[in-house]
Amino acid sequence: MKQIWHDLLFAHWPVAAEVLRSLVPSELLLDTLDGQCWVGVVPFWMSGVRPRALPPLPGLSRFPELNVRTYVTLKGKSGVYFFSLDAASRFAVWGARRFYHLPYFFGKMKSEQRDGVIHYTSSRHKSSGEFRAHYRPTSEIRPPQERTLEHWLTERYCLYTIHRGIVYRCEIHHLPWPLQQAEAEVEVNTMAQAAGIQLPRSAPLLHFSRRQDVLVWPLRRV
């Protein structure tokens, strides 16, 4: 598949490994940096979502998405593990659950830019999980440097999921993230709590990216 991600905010909090261990399948190893796990809440919106051989379909290829994630490894390959993914497209939710075995949820969501500030709202349909915030970049673009925390958090090129006891990996590809420092005012954030994670009260580590073009491959059994 092809996808374009827009106006993305990485909001990360440190979370103890013992908190996450019971929430991540035992087949996957928690990935840590200096002994520390991290949980990310990542709002953005997509466009151009389509199989590579097809054009974008009107009404189906553009919608907001928000995910809650941590980082894992398997057989020496680091990747992303999703606790949840919310999208404002019922078709996308159905397709991702059916073909990628990912924990997608349908939600009422909106992302809009006003005077350089992204205003983002998300409310999960018939379930807990809400996010309301506004955010903006505050620096020039700076690709993450190797051996830094921001590189470790963002430069990951696969995801893992487990279906009926079988571990699958999905490879993705994109250029290095064009990251910017960011500031955010988060009014409501119960996304991690809905997954059973209590985030610390400390301010999150924030990064912003205006656009990222992404290729997504099918799942492969590990």
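Is Leu20 buried or exposed? Select this residue to begin the tour. Leu20 is buried, with a relative accessible area of 0%; here buried means under 20% relative accessible area, exposed over 50%, and partly exposed in between, with a 1.4 Å probe and protein chains only. This is a predicted model, in which local features need pLDDT of at least 70 and side-chain atom pairs count only at pLDDT 80 or more, while totals for chains, interfaces and linings use all residues. Residues are numbered from 1 along each chain as its sequence is written, and side-chain values use heavy atoms, with hydrogens and water left out.

**First stop: helix α1**

Colour residues 17-21, which form helix α1 and include Leu20. Helices (H or I, at least four residues) and strands (E, at least two) are DSSP runs, numbered from the N terminus. Next, select Pro56 together with Leu20: the two are 36 residues apart along the chain, and their C-alpha atoms are separated by 37 Å.

**Second stop: the cysteines**

A disulfide is a covalent bond between the sulfur atoms of two cysteines. The criterion applied here is a pair of cysteine sulfur atoms within 2.5 Å, and the structure holds zero disulfides.

**Third stop: the salt bridges**

A salt bridge is a side-chain nitrogen of Lys or Arg within 4 Å of a carboxyl oxygen of Asp or Glu. How many salt bridges does a search of the whole structure find? The search finds 11.

Select Asp31 and Arg156, whose side chains meet in a salt bridge at 3.0 Å, N to O. Asp31 lies in the loop between β2 (29-30) and β3 (37-50), and Arg156 in the loop between α3 (149-154) and β9 (158-163), so the pair ties together parts that are 125 residues apart in sequence. Both Asp31 and Arg156 are buried.

Move to Glu150 and Arg142, which are joined by a salt bridge at 3.4 Å, N to O. Glu150 is buried, at 11% relative accessible area, whereas Arg142 is partly exposed, at 45%.

Then select Asp213 and Arg211, where the N to O distance of the salt bridge is 2.9 Å. Asp213 is partly exposed, at 40% relative accessibility, and Arg211 is partly exposed, with a relative accessible area of 43%.

A pocket is an open set of points on a 1 Å grid over the protein atoms alone, where a 1.4 Å probe fits, with protein on both sides within 12 Å along at least five of seven lines; lining residues have an atom within 4 Å of a point. The largest pocket holds about 790 Å³ of space, a volume filled by probe spheres set on the points, which are joined across faces, edges and corners. Select Met1, Gln3, Val49, Tyr100 and Tyr104, which are the closest to its centre of the 42 lining residues. Which element gives the most to the lining of the largest pocket? Helix α2 does, with seven residues. Among the other elements that each supply at least two lining residues are β1 (2-15), β4 (63-74) and β12 (205-221).
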